[in-house]
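Me: I am new to reading structures of this kind, and I would like to go through one slowly. Could you take me from a single residue out to the wider picture?

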Amino acid sequence: MSPMAVPIADYVGLSAVIFFIGVAGVIVRRNPLIMLMSIELMFNAANLLFIAFSRAWLHNAGHIFAFLVITVAAAEAAIGLAIVVTVFRTSRHVDVDDIALMKG
Amino acid sequence: MPVHHVMGNEGNYPYLLALWLLPLAGAIVNWAFGPQLKSAAGALGSAAIGVAFVATVLMWGAATQSVPSTGGVNLVGAHQTLFSWLPGFDFGLLMDPLSLLWALIITGVGFLIHVYSIGYMDGDNAFARFFAYMNFFVFAMLTLVLSDNFVGLLIGWGLVGLASYFLIGFWFFKPSAVAAARKAFVLNVVGDVGIMFAIFMIFASVHSTGFGDAFAFAGSYNTGWLFAICLTLFIGAAAKSAQIPLQTWLPDAMEGPTPVSALIHAATMVTAGVYLIARCAPLWSQNQDAQMLVGVIGALTALLGAILGCAQWDIKRILAYSTMSQIGYMIMGVGVGAYEGGVAHFFTHAFFKAQLFLGSGIIIHALNNEQDVRRMGGLIKTMPFAFVAMLTGVIAISGIPYLGSGFFSKDLVIQGALQHGHPWLYAIALITAGITAYYMCRMLFVTFLGQYRGNVDPSDLGIRHPELAGTSAHAAEHDEVHAHAPAWLMNVPVGILIVPTVLIGWLMFGGENSPWAHFFAQQFPHPALPAAPISETLTAVIAFALVIVGIAIAWARYGVAPAQQNAVERLRQESVRMPAVLTNAFYFDYAIDWLFVRTSQLLGTLFGRFLDPQVIDGAVRETAFSAQWLGTLVRSFQTGLLRTYAFLLVIGATCFMVYYAVAMGAAK
Amino acid sequence: MIVLALVLLPILAGIIMLLIPAREENPVLAKGAGTVIALIEFALALGARDSEFSLRPWLSRPFESSFHFGATGISFWIVLLLAVVTFSAILAMSVPRQRQFVAQMLLLEGTMMGVFLAKDLLLFALFWDLMLLPVFFGLLGWGEHPATAWRYFIYNFAGGLALLLATATFGVLFGSTDVIGRTDVHVVGSWVPWIFIGFAFAFLVKTPVWPLHTWMPPTYSNTPPPMVAVVSAVQSKAGLYGLIVICMAFMPDYLKAYAGVLIVLGVISLLYGAVVSLVQNDTKRIVAYSSLSHLGLIVVAICSFNAIALQGALIYIIAHGLFSAGMFLTLGYVEAREDTRSLVRLGGLGAVNPKLAGALCITSLAALGLPGLAGFVGEIVILTGVFQAGFIWVTILALIPIVIAAAYMLRLFQGVMNGPEVEDLPVRRDLTWLEGIALAPIVLALVVLGVNPHALTTFDPAQYNATQTQVAQGVAR
């Protein structure tokens with residue numbers, strides 16, 4: 001007997017939708033801030049799954065992982081923003097397609 | 001390990017060691033202290049050989065003593081073990097009648113030629129170097145004939161080749177001498193390699209290279225194996241003794257100073273092949289095919305050499321071809337099994353051919369290195385001594401009965417061929433005897449009769465390339481007048497040589513009771529032979545008849561009065577009309593050149609210029625290029641754009657997911 | 001301790017020489033110091049026979065490894081050869097930036113000492129890679145084309161990599177790499193063929209054997225003469241040494257399985273090197289290709305699995321080291337005088353330089369296998385064994401290059417020394433005293449070993465029936 005009113009499949013479906021919105025954001029948008037936000041979306045899709053399954057299986061590991069992901073996401077956002085600011089300072093605008101220093 | 005079979009009486013023979021090592025000592029002293037010794041080098045070098053000769057004579061008794069029989073192998077002589085080279089490769093000295101004979105000639109005739117050289121080489125820049133090489137040659141040749149095993153023999157074999165190389169190329173500023181020296185050496189290495197292969201076969205059979213071991217088992221080799229051993233040994237003999245098809249180096253070797261030609265390319269080194277076959281008589285006697293092969297090659301070489309001798313103008317080349325031809329006789333003799341005959345011809349030939357060369361050396365020396373007989377003529381008046389020397393030599397080599405030593409020994413060879421059942425070789429040998437008489441008399445008449453032609457324009461004599469004809473190598477040095485060494489230094493050795501040239505053949509007279517047969521009674525196998533269909537006397541008569549015909553033709557062409565008067569025109573005619581096949585010596589040089597030399601050069605060029613840089617390195621380069629190409633390909637994915645990377649990431653992740661979905665679906 | 005000193009002394013001396021701040025160059029002092037060290041090395045090498053040094057364990061996981069050196073069996077002779085050749089090479093050389101060059105020579109000597117003295121496979125592999133470096137720097141700094149240096153390095157380092165992988169696998173499988181000279185080593189498992197192939201590849205590249213040889217002719221012709229003398233004399237023997245003391249001693253079954261292929265490659269090298277030598281015009285390239293030919297013969301000897309052939313191979317390893325060093329040094333003297341290596345340009349030097357001519361003559365005669373000199377002993381003993389092992393056609397094919405060798409060696413000697421004098425050659429002077437002393441030990445050894453090679457042999461007639469593996473194990477013991 002599941003302790004959940006909403007079936008698990010709905011959580012998975014919602015998470016997948018959020019995740020692909022994030023993916024599409026990263027691929028399509030050229031503004032690094034939007035891209036960072038899209039990455040956050042993907043993180044949150046994963047978090048949603050962690051929490052949903054944690055609840056479904058009555059196991060706390062999912063909660064712990066969700067906290068870990070939030071922490072990493074915060075760090076990542078901090079570093080990402082720092083990079084964006086640095087790039088903005090040197091090139092005066094923030095279009096990721098203009099930054100191709102790693103071109104082989 | 002099998003028991004070693006030692007030949008001869010084991011013991012300590014100080015004379016043997018002395019005669020072997022003295023020439024080496026002479027060579028080292030002359031080589032190291034040449035500049036200090038100056039003209040004493042010649043005396044020192046000659047003295048070393050002279051003392052060695054005395055020591056050889058003192059070894060006579062020990063070398064001819066017989067040994068209490070211990071089974072099978074020949075048992076006469078003196079043996080001294082020296083040291084073990086490697087396990088199975090023991091080294092020692094063996095002196096039995098065969099090697100005694102060779103040692104006597106090497107040191108005896110060698111000594112006379114050394115003394116002669118003091119006069120001949122006087123004033124040369126490298127006087128001491130010459131005697132160092134000559135002494136070294138004597139040492140090497142003694143190593144060859146005194147060794148008691150095949151490896152020692154091969155060492156001597158290689159070292160005489162080296163001495164010959166040095167002495168042919170003695171005037172190394174002459175390109176022709178340099179080329180001749182190289183040719184002689186390389187062709188002789190072919191022979192060395194043949195002997196090496198024989199050594200491998202012998203070693204594989206008896207685990208030893210000693211003569212005693214090899215001969216003790218001579219009967220136990222299978223026929224094909226034994227034939228292969230004899231064949232490869234004969235490759236060595238053919239190369240050293242200028243037998244077909246390895247003969248082409250000998251005429252070119254005349255680039256060396258004349259005493260060298262006398263000692264190395266007539267009397268001793270080139271007869272090493274005869275020595276080898278005589279030494280290996282126990283092997284040859286077991287194999288009919290090998291005997292046949294060697295007999296035929298010997299006879300053909302005798303004939304070919306004689307024919308080519310008729311077409312030469314350079315006095316030394318005439319003698320060179322005659323040497324080739326006479327060695328053909330010897331090889332034929334020892335090949336068919338007439339060992340005493342073949343060795344006898346070596347013995348007499350050493351004297352008369354050395355004398356002919358030294359005689360021609362007197363002429364060449366007097367005429368400032370002129371060697372072309374067309375530019376001589378009438379020398380009988382100015383050089384009577386040289387004429388006597390050449391005449392006795394010609395009589396001996398032509399085989400005029402009882403007057404010269406060559407008759408006796410040649411008769412032994414010719415009759416031996418018949419006795420051992422080779423009538424065709426007998427016939428060839430007889431015909432060759434006639435041709436020999438012809439070309440030797442031709443040389444004699446053209447050189448000594450008529451008028452002196454040295455002042456005639458070379459082109460009037462049909463000499464196309466005067467600068468190529470004859471060795472006017474150090475003519476420049478001789479243009480400046482310098483005091484010649486006393487003539488007696490050159491004349492006395494020649495005079496001494498005349499005595500054996502005329503008389504020594506009598507040793508061989510008397511068939512089985514002759515001193516010669518007695519000397520070798522214990523040396524060679526003596527199978528019982530059926531009586532020859534033609535008696536010895538009749539053979540001598542036939543031979544003499546052919547010799548007379550040869551002399552008569554030579555006299556008619558060069559000796560009669562009209563020929564003498566029109567000599568210039570006649571010689572020009574003959575030179576111009578000489579068939580190309582003879583002037584090119586039956587094209588052996590071309591054949592060897594095209595078949596081997598050019599082929600290997602072509603291969604070398606192909607490999608060095610094409611295969612190495614293009615194919616092998618090409619493959620290596622292609623490997624490097626393909627790595628580079630792969631890099632270029634992968635590089636195009638590295639756009640540097642964040643979104644591309646993200647996109648690729650998504651595609652990759654999607655692929656994984658699809659794969660796992662499919663795999664899981666399949667698993668269910 | 002002596003062996004440790006043999007390895008470390010030149011390495012330390014070389015490093016110190018490199019590190020000295022170079023305010024004032026003193027080439028004579030540098031050469032003098034190098035000569036003294038080489039001489040000390042020679043004295044040490046003379047006294048090193050059978051001495052060992054071991055520090056164990058050097059490494060205990062994942063396999064046991066010891067810092068273990070020993071001058072036993074053939075190692076002793078090769079080390080002696082290395083000491084002599086290095087001494088000769090340093091004594092009479094003259095190159096620009098002499099101090100650095102002497103340092104490289106000493107480093108080369110020390111690292112090669114390490115290769116031939118190492119009793120531990122890991123140590124062997126380590127020094128194997130280290131000995132490439134001095135030659136690499138020598139080629140970069142003193143060679144004519146830097147590309148040659150890279151070619152040398154990449155080829156040999158690829159071999160070194162294979163060697164290292166094979167060593168590691170060997171160590172993991174057997175548990176220890178302290179094995180050279182041991183007789184109780186027997187590795188089994190499905191990995192052994194790969195170990196064998198790894199070792200064999202490294203050794204065949206180093207030797208070299210056709211078709212892995214194309215790094216060698218440019219390397220030999222571009223390296224300065226003193227260094228190439230040491231490289232061709234000793235470094236090229238590392239592969240053959242490894243083939244004997246590692247492949248044959250530990251993996252005889254696999255060596256036997258691949259012997260057919262190796263013999264074919266050896267025979268191809270023999271013939272190929274000989275005919276290519278025949279048409280080269282660069283004197284050093286002639287000797288380089290002749291080395292390909294001569295070393296092919298040793299590969300054939302090793303793979304024939306015959307005790308006599310192996311004995312011959314040991315003699316020939318030393319003999320080839322002596323005469324190739326002698327030839328490269330002498331040709332170096334010629335090059336230093338005439339500024340050319342081309343046979344087209346050279347000629348007629350013998351008349352003014354008789355001693356130089358004598359030196360080149362005796363070394364080239366030894367190279368062409370003149371009876372009475374060391375090269376001949378090796379050739380005849382090897383081929384006697386190869387024939388006895390039943391490889392009749394191989395023997396016949398191996399005899400052909402002997403004839404060709406006579407042709408190309410005489411072409412080389414006569415092309416440089418004989419013939420009419422060439423007018424526009426800057427003829428300087430005959431062999432100096434120093435050069436004479438440098439060549440003397442080499443020539444002397446060639447003659448002594450030619451007359452009495454017994455000193456070099458390590459086996460007795462009873463061993464005629466021994467298997468070659470037993471002999472090979474005995475060689476390193």
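**From one residue to the chains**

Reply: In this predicted model, let us begin with C:Leu399, which is buried because 21 other C-beta atoms lie within 10 Å of its own, where 20 or more are needed for that label.

Me: In which helix is C:Leu399 found?

Reply: C:Leu399 belongs to helix 17 of chain C, which covers residues 392-417.

Me: Which residues is C:Leu399 in contact with, once its neighbours within four places in sequence are left aside?

Reply: They are B:Val193, B:Met196 and B:Phe197, so named with their chain letter, since C:Leu399 is in contact with residues of chain B.

Me: How many residues of chain B and of chain C are in contact with each other?

Reply: On the chain B side there are 42 residues, in contact with 40 residues of chain C. Two or more residues each come from strand 2 (78-86), helix 7 (150-168), helix 8 (175-206) and helix 29 (588-635) of chain B, and helix 8 gives the most, with 14 residues. Sorted by class, this side of chain B has 29 nonpolar, 10 polar and three charged residues.

Me: How should I read two strands that pair, and how do strand 1 and strand 2 of chain C run?

Reply: One looks at the direction of the strands, the bridges and the link. Strand 1 (residues 52-59) and strand 2 (residues 65-70) of chain C run antiparallel and are joined by five bridges, while a hairpin connects them through five residues. Within this pair, C:Phe53 stands opposite C:Phe69 of strand 2.

Me: What does the domain assignment of chain B give?

Reply: The assignment for chain B gives domain 1 (335-583) and domain 2 (595-667), and the centres of these two domains, taken over C-alpha atoms, are separated by 77 Å.

Me: What is the mean pLDDT of chain B, and where does pLDDT stay under 50?

Reply: Chain B has a mean pLDDT of 86, with 95% of its residues reaching 70 or more. Over residues 469-483 of chain B, however, pLDDT stays under 50, and for this stretch the model has 24 contacts beyond four places in sequence. Where pLDDT is low, predicted coordinates should not be read in detail.

Definitions and conventions:
Residues numbered from 1 in each chain as written. Chains lettered and ligands numbered in written order. Predicted model: local features only at pLDDT ≥ 70, side-chain atom pairs only at ≥ 80, totals over all residues. Contact = placed C-beta atoms within 7 Å. Helix = DSSP H or I, 4+ residues; strand = E, 2+ residues; numbered from the N terminus. Nonpolar A, V, L, I, M, F, W, Y, C, P; charged D, E, K, R; others polar. Domains from an automatic or database assignment. pLDDT = per-residue confidence, 0-100. Buried ≥ 20, exposed ≤ 12 C-beta atoms within 10 Å, placed from the backbone. Pairing = 2+ DSSP bridges.
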